[in-house]
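These are my notes from looking through one protein model. I wrote each entry as I went.

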Amino acid sequence: MGGPGSGRWWGYRKKTCVEDCRKLDISLLRQKGFLDPPGAPGTASWGDNASVSIKTVMGDRPYLRMAYSITRHGEREDFDYRVPLVQVARFSDRASWLFACPFCGRRVGKLYLPPGRKYFGCRHCYNLTYRKRQQHDRTMDRYKNLPPGALLALAQELMDELKGPHTTGKLLKNLSLAMKLQKAALR
Ligand SMILES: [Zn+2]
C-alpha cells in the first residue's frame, strides 16, 4: 500500500472528492434561519478559519449573495457574487429551496468550492466524486494479477452458473462480479 501510483488502481485517476471541498448546504442555511424568513445576513464558516458572508435576498428573483476572500501565495482576492435561489414545491412540506448552480443552472442542494478554485459550483461542474466511491473494491483484489483472458473466462463461468436454478441473491452477486471482471479485463 502507499508509494508511487497509490492514487491509481485499475487505471483509474482519482478525482477531487466532495469531502475535500468547502460546502454550502441549502438545508443548513434553512436550519440556521437564512431562508425562513429570509433576509438575515450571516456567515458560513469552516474549521480552517475560512468563512463566507452570506445574505439571502428575496423578490422576483431570489438569490444568495456570497462574499469571501481567498488568499493564495500572499495575494488576496475578494469575491462577491450572487447565486440564484429556486423554490420547489414538495408534498406535505413547506416549499423548499435549492441553489441554481452559477455555472450550469442545475438545481442543487449543495455547492462546493474545491481546493484551488475560486467559485462555488455544483458537483457536476467540478466533476466531483464521493470518497466512498473511490474506496478500493476488495472483492477485486484476488483477481488483480489475472490476464484479461482469464478474467473474461471467469465472468463467463459466473454467467453460465445462472443457467441452472438460482436465487435472486445469487443472480445479483454473479452479475455484479461478472461485470466487474469484464470491466477489469477491458482496462
Ligand atoms: Zn453546475
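**Entry 1, helix 4.** I began with what helix 4 packs against, and found that its buried residues pack against helix 3 (148-161). Helices and strands here are DSSP runs, helices being H or I of at least four residues and strands E of at least two, numbered from the N terminus. I call a residue buried if 20 or more other C-beta atoms lie within 10 Å of its own, exposed if 12 or fewer, and partly exposed in between, with C-beta atoms placed from the backbone. The buried residues of helix 4 are Ala178, Leu181 and Ala184. Seen down the helix axis, they fall within an arc of 125°, so they line one face of helix 4. The arc is taken over the directions from the helix axis to the C-beta atoms. On the other side of helix 4 I listed Thr168, Leu171, Leu172, Ser176, Met179 and Leu186 as exposed.

I also checked the length of helix 4. Helix 4 covers residues 168-186, which is 19 residues, and reaches 27 Å from first C-alpha to last, close to the expected 27 Å at 1.5 Å a residue. The expected span is 1.5 Å times one less than the number of residues.

The model is predicted, so I noted the rules: local features need pLDDT of at least 70, side-chain atom pairs count only at pLDDT 80 or more, and totals for chains, interfaces and linings use all residues. Numbering starts from 1 along each chain as its sequence is written. The pLDDT is the predictor's confidence in each residue, from 0 to 100. The protein averages 82, and 82% of the residues score at least 70. Confidence is lowest in helix 2 (residues 131-134), with a mean of 70, and highest in strand 7 (residues 107-108), at 96. Over residues 1-12 the pLDDT is below 50, and this stretch has eight contacts in the model beyond near neighbours in sequence. I count a contact when two C-beta atoms, placed from the backbone, lie within 7 Å.

I counted four helices and eight strands. Along the sequence they follow the pattern β-α-β-β-β-β-β-β-β-α-α-α. Buried residues make up 16% of the 187 residues. Of the contacts with a separation of 6 or more, 36% join residues 24 or more positions apart.

In what order do the strands of the open sheet run? I read the order of its six strands as 2-3-4-5-6-7, with antiparallel pairing. Strands count as paired if DSSP finds at least two bridges between them. The edges are strand 2 (42-45) and strand 7, each of which pairs on one side only.

I then followed strand 6 (residues 96-100). Strand 6 pairs with strand 5 (residues 75-88) in the antiparallel sense over four bridges. Val88 stands opposite Ser96, and Gln87 has Trp97 as its bridge partner. Strand 6 also pairs with strand 7, antiparallel over two bridges, and there Ala100 stands opposite Arg107. The hairpin of strand 6 and strand 7 has six residues between the strands, among them Gly105 with a positive phi near 80°.

Ile26 lies in helix 1 (residues 26-31). Ile26 counts as buried because it has 20 C-beta neighbours inside 10 Å. Leaving out residues up to four places away in sequence, Ile26 touches Trp97, Leu98, Phe99 and Gly109. I also looked at Leu85, 59 residues from Ile26 along the chain, and found their C-alpha atoms separated by 9.5 Å.

Most residues other than glycine have a negative phi. I noted His73, not a glycine, with a positive phi of about 50°. His73 lies in the loop between strand 4 (63-72) and strand 5, and is exposed, with 4 other C-beta atoms within 10 Å. Asn127, also not a glycine, has a positive phi of about 55°. Asn127 sits in the loop between strand 8 (110-113) and helix 2. Asn127 is exposed as well, with 9 other C-beta atoms within 10 Å.
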